[in-house]
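Hi,

Here is the model I promised to pass on.

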Amino acid sequence: MNNEILKKDKSYLWHPFTQSKTSYDPIVIESAKGEKLFDSKGNEYIDLISSWWINTHGHCRDEMINSVSNQSKKLEQVLFAGFTHKPAVDLAQKLVHITPKNLKRVFYSDNGSTSVEIAMKVAVQYWFNKGKKKTKFVALKGGYHGDTFGAMSVGRTSGFYEPFNDMLNECFFFSFPEIWKGNNELQKNELKAFDEVRKIIKEEKDQIAAVILEPLVQGAVGMKICRKEFLSEIVRMFKESGIIVIFDEVMTGFGRTGKMFASNFIKEQPDIMCLAKSLTGGFIPLAATVFSEQIHREFVAMDFKKTFLHGHTFSANPVACSAALTSLKLFDEDKTFKKIKLINKIHLECLNELSRNSNISKVRILGTIAAFDYQKVSNVYGSSESLLLRQKFLDNGLLLRPIGNTIYLMPPYCIQEKVLKQSYEKLIEILQ
Ligand SMILES: Cc1ncc(COP(=O)(O)O)c(C=O)c1O
């Protein structure tokens, strides 16, 4: 059975972020429960990265299954232009309630990239509707916002998009001053970033539609973390200059950083927020871009040209909205933030232990995210050493995907204390 699936996979499939020539055979997963995945050979894997940062309450949670099943029996899908439904409005109300106070309007789509694309298009059209041409963006060096063209433009310094460079929109970038235990260049790096921002604002302000930021944590470039005071000051600078601020909380949203959103760490608030990944607890694709009323108002007019002519076929899918509502309910019912605190405590304890290994550096932790660099592996994305290390983790029952030489953990919140501690013990052993 296993071989048959692999044979078919090899014949018909093309996997994301995978070089089929050099990668190991994919693992055939048959089922999952809680923090564990089970393959067709009887092996189990601890999902220490929440299946690409989405799973919150655990795989195959009964409450989630019931919610999806019940909604599917009632209404599985309806177009969202000219129609609406209870799961969509209830979820929008909930999102408006839990996101920063100034955010009041929800636009649904299907994934993180589309939530970013929508934020960028709305920012440009907001200025257009006001009779101004502002089409350029500011972003952080190394930021990642997804793989569609707009998202690639603001993420072009992530290193993934060389073939498309000539097709991407112009964008201005400033440095991300990352923190880690023992970094004594931080103040210098922050001052450099502030200088870069001042220069961009001074010289390009009139052309800039918006700035887009992964608040506090840059995920795909290697779980880099900045200070909340730095983020706060950056946001203040852009807002003071009348530039729209977009927070891409696709990864940081829904508890990852220790609070519901990274925005909750700072006073200044974004004008637009992008949400996806954990929105449905990792069950079904769904994304939401949430806007301030000031932005939304510019699109409400008798003139049809002011309409936001954008939509995805599966926008506001009722089953996905229902899953999201259940996932948000579980945050309260499960006392999820207590679990998040415990994960953070275990990260702190275990990384303390792990950092005795002299090959480990740049330890950084925020909420449920823990990361460090491992000197024995080259810092090149997709290098053979990095693939070998990933395979070694899998052979030991740990699902971890190093990014270059960065190893990070971001487990589902349901992970049992014992299982997380045992995973760290194995990790310590492997890295020795
Ligand atoms: C911050 C951020 N934005 C956007 C995306 C794109 O999301 P998706 O893969 O759902 O398109 C990602 C994906 O990792 C992300 O981390």
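To read the first part you need one cut-off: a residue is near a molecule or strand if its C-beta atom, placed from the backbone, lies within 6 Å of it. Two bits of housekeeping as well. This is a predicted model, in which local features need pLDDT of at least 70 and side-chain atom pairs count only at pLDDT 80 or more, while totals for chains, interfaces and linings use all residues. Residues are numbered from 1 along each chain as its sequence is written.

**The ligand**

The ligand has 14 residues around it, and the closest are Asn111, Gly112, Ser113, Gly146 and Val250. Helix α5 (residues 112-129) gives the most to this shell, with three residues. Helices here are DSSP runs of H or I with at least four residues, strands are runs of E with at least two, and both are numbered from the N terminus. By type, the shell has six nonpolar residues, six polar and two charged.

**What packs against α10**

Helix α10 (318-333) turns up in two of the helix pairs I looked at. Helix α3 (residues 62-74) packs with α10 at an angle of about 150°, with the axes 9 Å apart. Axes are lines fitted to C-alpha atoms, for helices over the stretch in contact, and angles run from 0 to 180 degrees between N-to-C directions. α3 and α10 are therefore roughly antiparallel; the classes are under 35 degrees for roughly parallel, over 145 for roughly antiparallel, 65 to 115 for roughly perpendicular, and oblique for the rest. From α3, Glu63, Met64, Ser67, Val68, Gln71 and Ser72 meet Pro318, Val319, Ser322, Ala323, Thr326, Ser327 and Leu330 in α10. Contact means that the C-beta atoms of two residues, placed from the backbone, lie within 7 Å. This contact is made up of six nonpolar residues, six polar and one charged.

Helix α4 (residues 86-98) also packs with α10, at about 40° and with the axes 8 Å apart. That angle makes the α4 and α10 pair oblique, and here the crossing is left-handed. On the α4 side the contact is made by Pro87, Ala88, Asp90, Leu91 and Lys94, and on the α10 side by Pro318, Cys321, Ser322, Ala324, Leu325 and Leu328. Eight of these residues are nonpolar, one is polar and two are charged.

Leaving aside neighbours within four places in sequence, glutamate 76 is in contact with Pro318 and Val319. Glutamate 76 and proline 318 are 242 residues apart in sequence, yet their C-alpha atoms are 6.1 Å apart.

**α11 with α13**

The axes of α11 (residues 336-354) and α13 (residues 417-431) come within 10 Å and cross at roughly 20°, so these two helices are roughly parallel. α11 passes α13 in a right-handed crossing. The contact residues include Leu342, Ile343 and Ile346 of α11, and Leu420, Tyr424 and Leu427 of α13. Nine residues of this contact are nonpolar, none is polar and three are charged.

**Single residues to check**

Which residues other than glycine have a positive phi? Lysine 277 has one of about 30°, and alanine 316 has one near 60°. Lysine 277 lies in the loop between β11 (272-275) and β12 (287-292) and is buried, with 28 other C-beta atoms within 10 Å. Alanine 316 is in the loop between α9 (293-297) and α10 and is buried as well, with 27.

Serine 109, in strand β4 (residues 103-109), counts as buried with 24 C-beta neighbours inside 10 Å. Beyond four places in sequence, serine 109 touches Thr114, Ser115, Ile118, Ala287, His312 and Ser315.

Cheers

Key. A residue is buried if 20 or more other C-beta atoms lie within 10 Å of its own, exposed if 12 or fewer, and partly exposed in between; C-beta atoms are placed from the backbone. Ala, Val, Leu, Ile, Met, Phe, Trp, Tyr, Cys and Pro count as nonpolar, Asp, Glu, Lys and Arg as charged, and the others, Gly among them, as polar. A crossing is left-handed if the near helix is turned anticlockwise from the far one by less than a right angle, and right-handed if clockwise.
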